[in-house]
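Work through these exercises with the model open beside you. Try each task before reading its solution.

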Amino acid sequence: MKTVAISILGTTMDRRGKGDKRWDKWRPTVSMCQHDDLLVDRLELLFDNHSQGLADQVTEDIARVSPETKVVHHRVNFPDPWDFETVYSQLLDFARGYHFKPNREKYLVHITTGTHVAQICLYLLTEAGYLPGQLLQTAPAKRDSNLPGQYQIIDLDLSRYDQIASRFQKEHQEGTVYLKGGIETNNAAFNRMIEQLEKVSIRSNAPILITGPTGAGKTQLAQRVYELRKQRGKLEGRLVAINCATLKGENTMSALFGHKKGAFTGATADRAGLLKEAHKGLLFLDEIGELGLDEQAMLLRAIEDKRFIPFGSDRETSSDFQLIAGTNKDLARKAREGTFRADLLARIDLWTYELPSLKDRIEDLEPNIDYEIESFSNKAGHLVSFNKAAREKYLSFSRSPEATWSANFRDLNASITRMGTLADGGRITVEVVNEEISRLKRKWQTAADIEHSPKPEIERVLGAGSGEEMDYYDQLKLAALIGICKNSKSMAEAGRRLFNVSRKAKKSNNDSHRVKQLLGKYGIKFEDLTV
């Protein structure tokens with residue numbers, strides 16, 4: 001691992017001595033590179049437009065005393081080097097624009113040079129994680145001691161520095177606002193969850209599990225976690241995202257873990273796979289509950305050991321990625337049923353966050369409407385807004401029991417998009433809102449009818465279109481009969497549940513025969529339902 005020092009050029013202390021006499025003076029930036037037990041592989045040297053000559057001289061001197069050290073120049077201008085706001089802002093811009101590689105490089109932030117304001121700002125940025133490293137403090141040699149003096153490395157993560165470490169509430173608040181997409185939310189439980197997730201995103205690279213209904217914003221939240229970690233120098237690679245429900249058969253193994261040429265029909269070239277593409281980055285597996293048990297086993301090993309075998313290969317490969325998993329399923333229940341590995345669940349639910357539905361966050365509806373309006377306006381290239389009466393009517397309906405928001409924020413986004421598109425002159429009127437309310441009511445009623453319709457259960461057994469010629473009453477009876485039989489071990493058990501009252505009046509019960517007769521009317525065999 002290389003050692004990289006970040007230092008501000010000392011316009012006074014680094015300039016001490018002229019000609020060869022400069023070697024008789026302690027100069028912090030040059031002396032930093034003269035310690036036998038501190039090898040600096042690269043020095044990131046910050047200075048303003050007026051110090052190029054001094055920077056060149058210091059660079060030349062470092063080359064003489066430490067040829068192994070590469071010096072990289074950075075122009076950072078402070079309009080007022082004693083103003084906290086401007087100095088902090090300039091150094092923060094440098095930190096955000098710098099490409100940190102924490103897995104390959106160790107960073108030392110030199111706090112001996114520069115104004116006291118700059119030194120304090122470097123400390124703050126290091127403690128906040130914008131400069132992901134340790135502090136380096138240098139000092140002149142003691143009397144009668146030889147150059148290059150002495151140094152101390154300060155690791156702010158150590159417990160003995162807890163009393164002086166600032167918690168940077170402002171930086172924390174910026175992170176939470178970022179994770180919320182800049183939306184001022186009012187739901188207390190949601191806000192507490194985001195506040196903790198901000199800390200976890202910065203401080204941990206362990207897997208994160210995001211649960212919640214479809215449309216609650218799992219994908220968007222994973223994207224923001226990635227961008228926040230990237231911004232703070234915690235990741236080098238890219239975000240790789242996939243919805244596992246779209247992966248089927250052999251394609252699942254190939255897509256996730258890659259394959260070798262000729263591994264199966266159609267594999268005409270090697271494929272790296274999503275895990276490999278996420279090396280040094282973040283892998284988001286949405287709907288992870290849709291993966292098969294074989295894929296789950298390979299994923300577990302890849303998470304724990306960072307190694308896996310591509311499909312059709314006899315050699316292991318590696319990928320160092322962080323995982324965020326998303327699901328709208330109850331994975332604990334699936335684990336009990338044997339369709340999701342309990343050991344994988346235990347590995348990915350160290351940090352679990354459940355996103356509430358829009359209906360459960362109804363107090364956040366209005367700020368989210370404003371956010372969607374602003375987003376649509378930006379995309380459309382012109383301002384879109386409600387008139388007062390239209391806004392009040394839309395808000396009233398949106399908060400009413402009639403508004404189910406079954407697809408959550410996807411419904412809201414689509415609704416605002418439709419109204420914004422139909423708004424003449426960018427003004428959403430009561431007429432536009434009335435039309436949208438009618439559209440939403442029809443959509444949600446249709447979705448509710450489909451959800452409670454017995455037809456899908458019947459058609460899974462008898463084939464597509466089989467329920468079309470049956471009265472709704474008959475559909476309900478047949479669907480209930482099929483459901484009872486599917487959940488019974490025998491026809492006798494199904495009969496006891498179906499005829500729990502009438503069978504008591506009979507002297508001789510033949511429950512199996514009655515069930516067989518009912519199923520026979522539709523050409524259904526009991527054993528076909530229990531396979």
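**Exercise 1.** In which helix is the place of K388? Then classify K388 as buried, partly exposed or exposed.

Solution. K388 sits in helix α14. Helices (H or I, at least four residues) and strands (E, at least two) are DSSP runs, numbered from the N terminus. Residues are numbered from 1 along each chain as its sequence is written. This is a predicted model, with local features needing pLDDT of at least 70 and side-chain atom pairs pLDDT 80 or more, while totals for chains, interfaces and linings use all residues; side-chain values use heavy atoms, without hydrogens and water.

Next, exposure. Buried means under 20% relative accessible area, exposed over 50%, and partly exposed in between (1.4 Å probe, protein chains only). K388 has a relative accessible area of 65%, so K388 is exposed.

**Exercise 2.** Check the length of α13. Then find its buried residues and what covers them.

Solution. The expected span of a helix is 1.5 Å times one less than its number of residues. α13 has 16 residues, so it should span 22 Å; its end C-alpha atoms are 22 Å apart, which agrees. The buried residues of α13 are L365, P367, N368, I369, E372, I373, F376 and S377. Their cover includes β14 (385-386), α14 (388-398), α15 and β15 (427-428). After α13 comes G381, with a positive phi near 85 degrees.

**Exercise 3.** Which residues lie nearest the centre of the second largest pocket? Which elements supply its lining?

Solution. On a 1 Å grid over the protein atoms alone, a pocket is an open set of points where a 1.4 Å probe fits, with protein on both sides within 12 Å along at least five of seven lines; lining residues have an atom within 4 Å of a point. The second largest pocket has 32 lining residues, and G215, A216, G217, Q220 and F409 lie nearest its centre. α6 (188-203), α7 (218-231), α13 (365-380) and α15 (409-422) each supply at least two lining residues. The largest share, six residues, comes from α13.

**Exercise 4.** Which members of the largest nonpolar core touch the most other members? What does L285 touch?

Solution. A nonpolar core is a set of buried Ala, Val, Leu, Ile, Met, Phe, Trp, Tyr and Cys residues joined through side-chain atoms within 4.5 Å. The largest has 30 residues, of which L275, L283, L285, I288, L299 and I348 touch the most other members. L285 touches I242, C244, L256, L299, L323, I324, A325 and G326, not counting residues up to four places away in sequence. A second, separate core of 28 residues includes V4, I8, L91 and Y107.

How values were computed:
Contact = heavy atoms within 4.5 Å.
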